[in-house]
Amino acid sequence: MLLAVAIFLATLVLVIWQPKGLGIGWSALGGATVALLAGVVHLADIPVVWDIVWNATLTFVAVIIICSILDEAGFFEWAALHVARWARGNGSALFNLIVVLGAAIAALFANDGAALTLTPIVFGMIVALKFEPKVAFGLVIATGFIADTASLPFVVSNLVNIVVADFFDIGFARYALVMVPVALVSLAASLAVLRLFFRKSIPGSYDVSALPRPKAAVTDPMTFRAGVVVLAVLLVGYFATDAIGVPVAAVAMLCALVLALIAARPPQALFRRLSGVERATDMSESLVATSATGGTPLIGEAVPSRTTVIPAAQPQIAVRSVVTSAPWQIVVFSLGMYLVVYGLRNEGLTDHLGQLLANLAQHGDLATATGTGFLVAGMSSVMNNMPTTLIAALGIEASGTTGLTGQMMAYAAVIGADLGPKITPIGSLATLLWLSVLDRKGMHIGWGTYFKVGIVLTIPVLAVTLLALALWLTILGP
């Protein structure tokens, strides 16, 4: 038992610390290898764990690829600039709309996509509008915070949502029926808490004319338009294929492939970079052209070179780079980390958690929801939400609870794993990456500062969201 715990803790430290840039996948795979050699887990456990993680990780990668392509096409900047104009120079309205935009992006593109795409855009908006540092801090924290607290409504809104839904065989439609109303409560509570906490930092009026036109943000109109269609198909596809048992990974990966092929025009650009010669050829428009009458060359007119035929719509996005830079290591990380966690289950540690959860269930649905949610949130904040999610799922399974009580535990675990990471910087890998992005932008947020803000913001939102779950799920029934 002690060996399993030691392997888990050592792996977790390496994943969070990432010494000398060691990838999280390699750290987790190393931990899994040690666990196998030590006999903590067995070869027969590998297919069991793979069955738990494959749908979640492949969906996550596909959604991030879609998100990255749309980001390159200017979709999110376009949306943010529209939001800034809708506020009509009212800083309070801008604060509200940025939070709502972050929630919408998190719902469709997962928490990582929301935090990592919207934060740089909001930061650029802050610079353009010349907001004071305290205003900038409030807007940036709000953007990062809402990315997690709003990642509840759909199975695909957070990686841990998919893991729990798959583990307990919760369909996409049923999950949405339960969690969309709960997510709306979480959004309202988050906005209220953020506005209260940053009441002295919410900007006043601002000059809308300092911002560029939304249309100027679009770098690839064809991909932009196709992306809107793909998003609609993606969401409809999730619901439509749920009834026939098609995994969400299949829908997400198909949509990612279609959008990548459109963005890569021609398709072979998906698999190779344009050579220097090709790039030079694509740009071989002469700055001196013959006039319409065939006479004197006109400076400033541009026509294609006689030796080159330029396609009507050249690709503007390096799709190959987007695909190769997608978080593929999360697949290895999930398999390796969950094998290490499975070692805790093999040693009987998750049975103790199951007993605790079974005791909570004896005190009614409200105690079950709040107790499970806060327990999972606390675990997520100190040992990361990814391993916590499987530990919680195994514990719920070990508790032997079924029916409405079992469902209450499963959904409460999702809420705890989604919101709990906001308490500390190590609660999720996305938060650590988000903080490093801010560092590169020149805004350093220390771990102490983050914790002081995170715990104050998270606890009330978590409590309200869990209460909403208990009430709504009781009304819906099993």
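The following is a short chat about a predicted model.

Trainee: Where does UniProt put the feature "transmembrane region"?

Mentor: The record, an unreviewed entry, lists residues 25–44, 56–81, 93–123, 135–155, 175–198, 222–240, 246–264 and 450–475.

Trainee: Take 450–475. How far apart are the end C-alpha atoms, and how much of the span is helix?

Mentor: The ends are 37 Å apart, and the span is 100% helix with 0% strand.

Trainee: And 222–240, what are the values there?

Mentor: Residues 222–240 are also 100% helix and 0% strand. Their end C-alpha atoms lie 26 Å apart.

Trainee: On to packing. Which residues touch the most other members of the largest nonpolar core?

Mentor: M179 and L469, in a core of 168 residues. Helix α5, residues 91–129, supplies the largest share of this core, with 20 residues.

Trainee: What is L469 in contact with, beyond four places in sequence?

Mentor: M179 is one of its contacts, along with V178 and V182. L469 also meets A369, M408, Y411, A412, I415 and T474.

Trainee: Where does K130 lie, then?

Mentor: K130 is in the loop between α5 and α6, the latter being 133–149. K130 is exposed, at 73% relative accessible area.

Trainee: What about D169, buried or exposed?

Mentor: D169 is exposed, with a relative accessible area of 72%. D169 has a positive phi too, near 55 degrees. The residue lies in the loop between α7 (159–167) and α8 (172–197).

Methods: Residues are numbered from 1 along each chain as its sequence is written. This is a predicted model: local features need pLDDT of at least 70, side-chain atom pairs count only at pLDDT 80 or more; totals for chains, interfaces and linings use all residues. Side-chain values use heavy atoms; hydrogens and water are left out. UniProt positions are given in the numbering used here, feature names are shortened, and annotations may be inferred rather than shown by experiment. Helices (H or I, at least four residues) and strands (E, at least two) are DSSP runs, numbered from the N terminus. A nonpolar core is a set of buried Ala, Val, Leu, Ile, Met, Phe, Trp, Tyr and Cys residues joined through side-chain atoms within 4.5 Å. Buried means under 20% relative accessible area, exposed over 50%, partly exposed in between (1.4 Å probe, protein chains only). Contact means heavy atoms within 4.5 Å.
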